[in-house]
Every structure is written in C-alpha cells, then in structure tokens.
Amino acid sequence: MSSTSHKQQAEEWLENIKNNNAVIDNAIDADNIFLLKLSLFSKDVGEGFEDFRSLFNYSNYGYGWDIIEQPEPVGPEIFEKNSLWGLRDATGKILIPPTYEEFYDFNDENMAVVFLDKKYGYVSKDASRIITPQFDDAFDFIGGCASVMRSEKYGQINKKGDVIIDFIYQDMDSISYEGEFFTAKLNDKWGVIDHHNNTVLPFEYEEPIESGNYGETYITAIKGRKTKLIFTKQFRFLAECENRFVKSILVPNEQYLYEIVKNKKSDQNQLFDDDGKLLLSGYEKIAKNLFYVFIIRKEKKYGLLNYKGNAILDFEYETIEQLDVVLNTKDRDFCAHLHDIFLKVKRAQKYSLHLVVNNFNKPISDFIYDDMVSLNNSFLAVQKDGFWGIIHALGELKVPMEYHMILRGNDAYCLKDDMVYTFNGNNIEEANKADLQTYIYSNQELGYYHFDSGVARRLQAYIDKGLPQNEIFYQKALALFELDNETSLAEAVNNYQQAVDLGHAGAMNELAIIYEDARGENPQYKNEEQSFQLFLKSAQSGSKTAMLNVGFCYAEGMGTPVDQKQMLYWYTEAYKAGNRAAALELGHYYFHSKDGNENYELALKYYLKAEKTGKSVDMELGWLYDYFDYTDQALPYLLKAAIDDDQGYAIWQLGVYAESGTEMEINIPLAIKRFEEAAHMNYSEAFLNLHKIYKNHKDFEDKVLADKYAIKAIAAGLKIEE
C-alpha cells in the first residue's frame with residue numbers, strides 16, 4: 001500500500017491529467033502530431049510503448065483509428081406515393097415501387113407485413129424476400145416463423161414463404177418470447193405446440209394456455225372456478241390452485257423451482273423442480289434463498305437443501321444463518337469460480353462454521369463456539385468459554401480467545417480490561433482514540449445500533465485515560481463536529497470552549513473557524529472579532545495552523561484592521577513553524593506586491609514550495625521562469641495554465657513563443673490564433689502583437705485588421721510604435 005494519502009494521490013492524478021491535456025491541446029492547436037511525444041506526458045503514460053502512435057492504436061485499450069466507431073448506416077425508408085406504399089434505400093433508389101395499400105414497420109427480424117387487395121404478405125428490409133399477399137391475416141415473425149391465417153384456419157410459414165405448419169388450427173398465439181411455443185385450438189380444444197408442430201400439451205383444455213409470471217409458468221383457466229391449472233416452464237403439471245399460491249424460484253442454469261404454499265387444495269407446503277418432481281413437502285418455510293442452496297425449516301428444525309433437491313444438512317439444527325463473509329483473491333484460489341457461502345450453524349446451544357460450495361458442505365469448525373459474528377471481509381469474531389477471539393473464515397485463529405468483547409467497525413475493536421485494541425486483518429494494536437471517538441458518537445446517532453451506552457462509557461474511559469482534561473474536551477469536540485448536525489455542533493462548541501478555557505491551542509483555532517463561518521453554514525455562531533482573538537491566542541500558543549489564519553485575518557480585515565506588515569509576519573512565522581500552506585501566501589505576497597516589496601526571486605522560491613503541496617501555481621511559475629529567461633522551464637507551466645486561463649496571459653505568452661520560434665519552429669498562424677484568443681479575453685498586449693503581424697508580416701498583411709487592433713491597443717492605453 002502506498003504511504004501517500006488518498007487526497008495527495010488524487011491531487012497528483014489531477015495534475016497529471018492537466019499536464020497531459022495541455023500537451024494534447026498544444027498539438028491540436030499547432031496541427032502537429034509530432035508534438036505528441038511520450039516524454040512530454042506524465043511518467044505513467046505509455047509505459048511499454050515506443051511512441052505515442054503505438055500507444056494510441058493499441059487495440060486492447062479500445063480507442064485509436066482501428067476502433068473508432070463509424071456512424072450507423074441509414075436503413076431503407078418506407079415511403080408513400082398516390083396513397084400506395086413502397087420502399088427505397090438511403091440514396092433514394094427505389095427497391096419496391098409504391099404498390100401496397102398498407103406497409104407496416106419492420107420488426108426485429110427485419111420483416112414487415114404488407115397489405116394489398118384484402119390480403120396480407122411480407123417484405124424483407126433489403127427487398128430480397130417478398131412473400132406475395134395471400135393470407136387473410138398475418139402476424140410478426142418470431143424466431144424465423146410467422147403465424148398466418150387462410151380460410152379461417154391458422155398455420156405457420158418461414159421467411160421463404162414455405163408452409164411449415166399446415167392450416168389446421170382454429171386459433172394460434174405465441175406464448176414464449178423466443179417464438180418456440182404456441183397455444184393453439186383444434187377441434188374446439190386448446191393445447192400447446194412447438195414451432196415444429198410437435199404437441200407439447202394435448203388438445204384437451206377448454207381455455208387457451210397463457211404465459212404466467214413472465215414466462216416462468218404456464219396457466220389455463222377452468223370454467224366456473226377461481227382455480228387454474230398451472231404448469232412449469234417445461235409444461236409439467238404442478239397443481240390446480242389460484243396463481244397466487246405458486247412461487248417460482250430462479251436457480252442455476254436458468255431453471256426454476258416451484259413452491260406451492262398451503263391452500264385449500266393442499267394442506268402442506270410443497271417444493272417442485274422444473275420437471276414437476278416433488279423435492280420436499282411438509283416444511284414450514286424457506287427461511288433463506290441462497291440461489292444454489294436453501295435454508296429451510298421443517299418440524300421446527302433447520303436444514304439445507306440444494307437446488308437439485310439434495311439435502312446438504314439434515315433437519316436437525318436449531319438455527320442456520322448466512323454470514324457476511326467475503327474471501328479475498330488469495331483465499332479463494334482453492335475454490336475459484338465456485339459459489340461459496342459461509343453459514344453459522346447451531347446445535348445443542350453451540351455454533352459451528354460451515355462452508356458450502358455448490359453441492360459440497362465443509363465444516364470449518366466443530367460445535368464449540370458460544371457465539372459467532374462476521375466482521376469485515378474474511379474474518380469472524382467467535383466466543384468460547386466467555387472470551388472472544390478472531391478467526392479467519394477458513395478456520396485459522398488470528399486473535400487469541402482472551403478479549404471480553406469484540407465490536408465491528410472499519411477495523412474490529414477488541415476490548416480487554418481497561419484497554420481497546422484494533423485488528424486490521426494483519427496486526428492487533430492499541431486503538432486510535434480519535435477514530436474510536438467518532439465511532440462512539442456515530443453509534444449514538446444510530447440509536448446505539450452497534451453497542452449500548454454501557455459499552456460506550458467503557459470505550460470513552462479508554463479514550464480519556466492519561467489525557468489532560470483540555471485534550472479530552474478537544475477530542476470529544478472534534479468527533480462531535482464530524483457528525484454534522486445542529487445538536488452535535490452545539491455540543492462540539494461547548495466542548496471546544498471548555499478546552500479553550502483550559503488553554504488548548506488547537507481548540508482555540510477550531511472554535512475560531514466556527515465563529516468565522518466563512519462559508520455561511522452556521523450563521524448563529526458568526527462573530528469575526530471573537531474569531532480573530534481566538535486565532536491570535538492560538539497562534540501565540542504555538543499553533544502553526546492558527547499562525548496562517550492570523551495572517552489571513554490581517555490580509556482580509558477579518559475581525560481586525562488590514563495590516564500588511566502583520567500579515568507578512570504571521571505568514572512567515574507559520575512557514576518557519578512548518579506550515580507548508582503558508583508558502584503559497586508568501587509567494588502571492590512577493591509576486592503581487594505593488595508597494596515596492598515585490599521580490600520575484602522569493603516569489604519563485606515560495607511558489608515552488610507551494611507546488612510541492614499540490615497547489616496550482618502554473619500561471620505564476622510560467623511568468624516567473626519567463627521573466628528570468630528560463631523559457632524551457634516556463635513552457636510546461638504555461639501549457640497547463642492555458643487550459644484554465646481566463647485572463648489571457650498564458651495564451652498570449654504561448655503566442656509569443658510561437659511567433660519567435662521559442663516553443664518549436666516559427667509558426668505565425670498558431671501565433672495569430674493564440675493572440676486572438678488572448679485578445680478575446682481583453683489581454684491588451686495581444687492587440688499590439690496582432691497589429692504588428694497584420695501590418696508588417698508580408699504573408700499576413702491586412703490593413704483593415706492592423707488598424708482594428710491598433711485602435712484597440714490605443715484604447716487600452718498602449719503606445720503604437722511606428
């Protein structure tokens with residue numbers, strides 16, 4: 001694991017992205033692919049590639065010229081002329097002249113129904129197949145077949161127009177999404193056929209067979225009854241009952257199990273498979289559906305049944321519960337690609353840990369534990385003989401059985417005597433008090449969800465042990481403030497104030513921030529004078545954070561008059577005390593001073609320090625390096641600064657480099673483009689550059705534009721040199 005914080009990593013990534021975008025934008029502006037050199041990108045770009053071209057066209061990355069999506073071709077169009085309908089392609093070429101009285105839309109199988117002279121036919125989307133209108137009715141193609149009617153009898157045809165099911169049925173309707181099965185009527189009775197005309201359900205039913213539960217069952221009504229005949233997806237008879245008493249359960253291999261719950265027709269719950277085979281009956285309930293296996297209660301005992309109906313655990317256990325355990329990649333090597341479930345199984349008041357992998361059950365432990373609780377990831381807290389320890393889900397003891405209590409948090413908290421420890425998956429060590437304080441207050445907000453008030457007092461005693469009273473108040477305030485609600489904020493302010501009264505410098509700074517209320521989030525506490533006094537008192541007590549904040553107060557006149565000398569003093573003190581954030585403010589001071597105190601060497605020094613803390617000072621560093629005539633160092637900063645440039649300087653300076661050939665070879669069109677962008681932002685120096693190019697450069701002479709920019713330059717207070 002990297003020692004760099006997530007925040008710092010994110011800032012580095014954003015900086016790299018900004019740099020890489022600047023390189024790409026520069027190449028686009030210059031219309032020069034040779035500027036896409038891997039050496040200009042951040043170091044993590046292009047590892048293993050010789051150049052940018054090979055990186056860009058690497059097919060596995062899913063971009064590049066070989067992968068770029070082409071627009072979808074425009075399909076044929078149904079059109080109307082003189083009240084008749086035809087078909088033409090995207091170029092307007094007539095594929096089928098206007099012939100049909102009706103031309104319906106093409107379906108997913110690229111076939112459309114057409115109508116002419118009271119008969120129906122079909123046309124393919126490319127007009128290569130035309131089935132002459134000859135049917136009294138016609139329906140969409142599904143699965144390569146379509147139901148059609150002739151002389152009041154239904155049959156089926158394929159896309160060639162061949163009859164594949166004779167016209168013998170009084171009615172016919174598809175009852176499956178793929179077009180495999182049809183309910184059909186023959187000799188006034190209903191049945192089911194497949195698309196090969198094989199009889200799936202005999203023709204002996206009074207009502208048509210319909211799809212139920214989105215194709216998970218098939219049902220047919222019984223005249224005069226509320227009950228229905230219900231069949232499985234494989235058309236095996238299940239039961240006669242109301243549909244609400246049948247629950248379909250998806251299991252592996254896209255199969256289903258069916259539970260018939262107790263009803264007037266059956267005095268017990270029953271579980272069937274897709275073939276209608278009875279797997280289990282007489283049970284009270286399916287306590288948990290785990291897809292591959294089911295926890296079931298029967299005769300007040302629990303057992304485990306797999307989806308094939310085989311008993312994994314007999315019905316002899318007091319409870320069976322699923323544990324929230326996730327094996328890491330290394331741990332699951334032994335059962336790769338299998339479905340693993342960890343179960344807490346109770347018998348004779350003792351618990352055992354079981355691993356169920358598909359149809360295989362492996363006891364991880366004997367029935368030796370008094371209790372068992374899942375922690376994070378692959379670990380479990382277990383209790384034996386009144387003491388708690390931690391085991392890995394595969395059975396290895398990780399923390400000895402010597403703790404009075406183990407709590408689940410981001411890391412497990414282990415309580416022993418007056419100490420609290422954390423287990424992070426590898427080591428056990430004394431708990432971080434700040435994290436534990438937040439955990440206590442979060443649990444309190446949740447209504448003591450994880451532990452009761454007695455445990456909270458025990459944890460608090462550990463936090464407070466050995467701390468001076470002001471630090472106790474301070475730590476409580478920090479944790480309360482993090483909860484971010486009115487009640488906890490009021491308690492935080494009270495604790496901060498008690499810490500301040502006892503001379504805690506950090507509390508002074510934090511309470512000052514609340515009174516400053518810079519974001520307007522807590523106006524009820526806003527008091528700028530009191531905020532300044534607290535910042536000052538904290539700074540005088542040695543807080544380097546407060547030193548910087550005092551500098552801000554003197555700079556902005558927050559709670560005290562503006563005082564540049566005091567501002568500089570406190571920024572400098574903060575920097576000397578190790579507050580790296582002060583470097584940015586010192587850089588700004590020496591860079592922007594207008595009273596003769598500007599010092600570009602010091603500005604460069606402090607901006608470079610600020611850059612290392614992740615601050616964006618590209619514009620300033622670009623300007624300073626150019627000022628000292630270090631154009632090679634200035635260029636990358638100016639490229640990055642130009643991305644967010646809303647004042648025009650960085651873009652203007654890049655224009656100067658393009659005009660002079662500093663960046664690459666002289667490129668006047670690119671210089672003009674950049675100067676015009678800067679001019680659009682009213683960066684006045686750009687007016688002069690454009691005036692000179694349009695007046696003096698023989699390849700770009702344009703008197704109208706030269707005069708236009710001369711007028712703009714003069715209006716901006718600049719002098720035009722003749």
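Residues are called buried below a threshold: buried means under 20% relative accessible area, exposed over 50%, and partly exposed in between, with a 1.4 Å probe and protein chains only. The views show a predicted model, in which local features need pLDDT of at least 70, side-chain atom pairs count only at pLDDT 80 or more, and totals for chains, interfaces and linings use all residues. Residues are numbered from 1 along each chain as its sequence is written, and side-chain values use heavy atoms, with hydrogens and water left out.

**View A. Asp517, a non-glycine residue with positive phi.** Asp517 counts as buried, at 7% relative accessibility. Its phi is near 50 degrees. The residue belongs to the loop between helix H7 (505–516) and helix H8 (528–540); helices (H or I, at least four residues) and strands (E, at least two) are DSSP runs, numbered from the N terminus.

**View B. Asn197, a non-glycine residue with positive phi.** The phi of Asn197 is about 70 degrees. With a relative accessible area of 28%, Asn197 is partly exposed.

**View C. Glu585, a buried residue without a salt bridge.** Glu585 is part of helix H11 (residues 582–592). The nearest side chain of opposite charge, Lys615, lies 7.2 Å away; Lys and Arg count as positive and Asp and Glu as negative, while His and the chain ends are not counted. A salt bridge would require a side-chain nitrogen of Lys or Arg within 4 Å of a carboxyl oxygen of Asp or Glu. Leaving aside residues up to four places away in sequence, Glu585 touches Leu548, Phe552 and Tyr571 (contact means heavy atoms within 4.5 Å).

**View D. A positive surface patch that includes Lys612.** Lys544, Arg580, Lys605, Lys609 and Lys612 form the patch. Patches are made of residues with over 30% relative accessible area and no salt bridge, like charges being joined within 9 Å and nonpolar side chains (Val, Leu, Ile, Met, Phe, Trp, Tyr) within 5 Å. The place of a charge is taken as NZ of Lys, CZ of Arg, CG of Asp or CD of Glu. Helix H12 (residues 600–612) gives the most to this patch, with three residues. Lys612 lies in helix H12 and counts as exposed, at 68% relative accessibility.

**View E. A nonpolar surface patch that includes Trp13.** Trp13, Leu14 and Ile17 together have about 360 Å² of accessible area, computed by the Shrake-Rupley method with a 1.4 Å probe; for residues, only the protein chains shown count as cover. Trp13 is located in helix H1 (residues 6–30) and is exposed, at 53% relative accessibility.
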